[in-house]
Amino acid sequence: MAKYLAQIIVMGAQVVGRAFARALRQEFAASQAAAEARGQAGRQSAAASSFTGMTLQEAQQILNISTLKPEDIQKNYEHLFKVNDKAVGGSFYIQSKVVRAKERLDEELSIQQQHQTKPPDQQQEQQQT
């Protein structure tokens with residue numbers, strides 16, 4: 001009886017393991033397809049997201065902005081940074097999230113600037129590779 005129970009548990013674990021691996025492969029493929037659809041700027045943006053650990057949308061939500069305007073980013077950053085200063089009873093955790101959000105948005109702005117300053121023929125070459 002214990003032998004059969006052990007076999008059932010092992011087989012169940014194998015099934016769950018395979019399903020998890022398959023789901024992981026599908027998620028990776030979907031991520032690659034989405035990055036490919038966005039082109040070079042999309043790949044750089046995805047790399048920035050993985051490097052900073054924060055998506056562009058999350059950074060925009062934290063700093064409460066809808067468009068990537070440097071003035072708005074700086075204004076909201078300064079306000080949220082001061083409000084969440086520990087000296088005035090704020091949260092160090094939230095303050096650090098604000099800093100990371102600004103870093104992520106600054107990185108996105110630099111990616112967009114690089115993409116806009118390249119000549120159109122150079123952009124097409126990069127998209128073809």
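1. Helix axes are lines fitted to C-alpha atoms, over the stretch in contact, and the angles run from 0 to 180 degrees between N-to-C directions. The model discussed here is predicted.

2. The axes of α3 and α4 come within 10 Å of one another, with a crossing angle of roughly 170°. Because angles over 145 degrees count as roughly antiparallel, α3 is roughly antiparallel to α4. On the α3 side, the contact is formed by Pro-70, Ile-73, Gln-74, Tyr-77, Leu-80 and Phe-81. The α4 side contributes Gln-95, Val-98, Val-99, Lys-102, Leu-105, Asp-106 and Leu-109. By class, the residues of this contact comprise nine nonpolar, two polar and two charged.

3. How do the axes of α2 and α4 cross, and within what distance do they come? Helix α2 spans residues 56–63 and helix α4 spans residues 92–117; their axes come within 9 Å and cross at roughly 125°. The two helices are therefore oblique to each other. The crossing in which α2 passes α4 is left-handed.

4. In the contact between these two helices, α2 supplies Leu-56, Glu-58, Ala-59, Gln-60, Ile-62 and Leu-63. Helix α4 supplies Lys-97, Val-98, Ala-101, Lys-102, Arg-104, Leu-105 and Glu-108. Sorted by class, the contact of α2 with α4 has seven nonpolar residues, one polar residue and five charged residues. Val-98, Lys-102 and Leu-105 of α4 are listed both in the contact with α2 and in the contact with α3.

5. Asn-76 lies in helix α3, which covers residues 70–83. Is Asn-76 buried or exposed? Its relative accessible area is 17%, so Asn-76 is buried, the cut-off being under 20%. The side chain of Asn-76 reaches the backbone oxygen of Leu-63 at 2.7 Å. When neighbours within four places in sequence are left aside, Asn-76 is in contact with Leu-63, Asn-64 and Ile-65. Of these contacts, Leu-63 is also among the α2 residues that meet α4.

6. Asn-64 belongs to the loop between α2 and α3. Its phi is near 55°, a positive value in a residue other than glycine. With a relative accessibility of 65%, Asn-64 counts as exposed, whereas its contact partner Asn-76 is buried.

Terms used: Residues are numbered from 1 along each chain as its sequence is written. This is a predicted model: local features need pLDDT of at least 70, side-chain atom pairs count only at pLDDT 80 or more; totals for chains, interfaces and linings use all residues. Side-chain values use heavy atoms; hydrogens and water are left out. Helices (H or I, at least four residues) and strands (E, at least two) are DSSP runs, numbered from the N terminus. Buried means under 20% relative accessible area, exposed over 50%, partly exposed in between (1.4 Å probe, protein chains only). A polar contact is a pair of N or O atoms within 3.5 Å; within protein, one must be able to donate a hydrogen and the other to accept it, and residues adjacent in sequence count only if both atoms are side-chain atoms. Contact means heavy atoms within 4.5 Å. Angles under 35 degrees count as roughly parallel, over 145 as roughly antiparallel, 65 to 115 as roughly perpendicular and the rest as oblique. A crossing is left-handed if the near helix is turned anticlockwise from the far one by less than a right angle, and right-handed if clockwise. Ala, Val, Leu, Ile, Met, Phe, Trp, Tyr, Cys and Pro count as nonpolar, Asp, Glu, Lys and Arg as charged, and the others, Gly among them, as polar.
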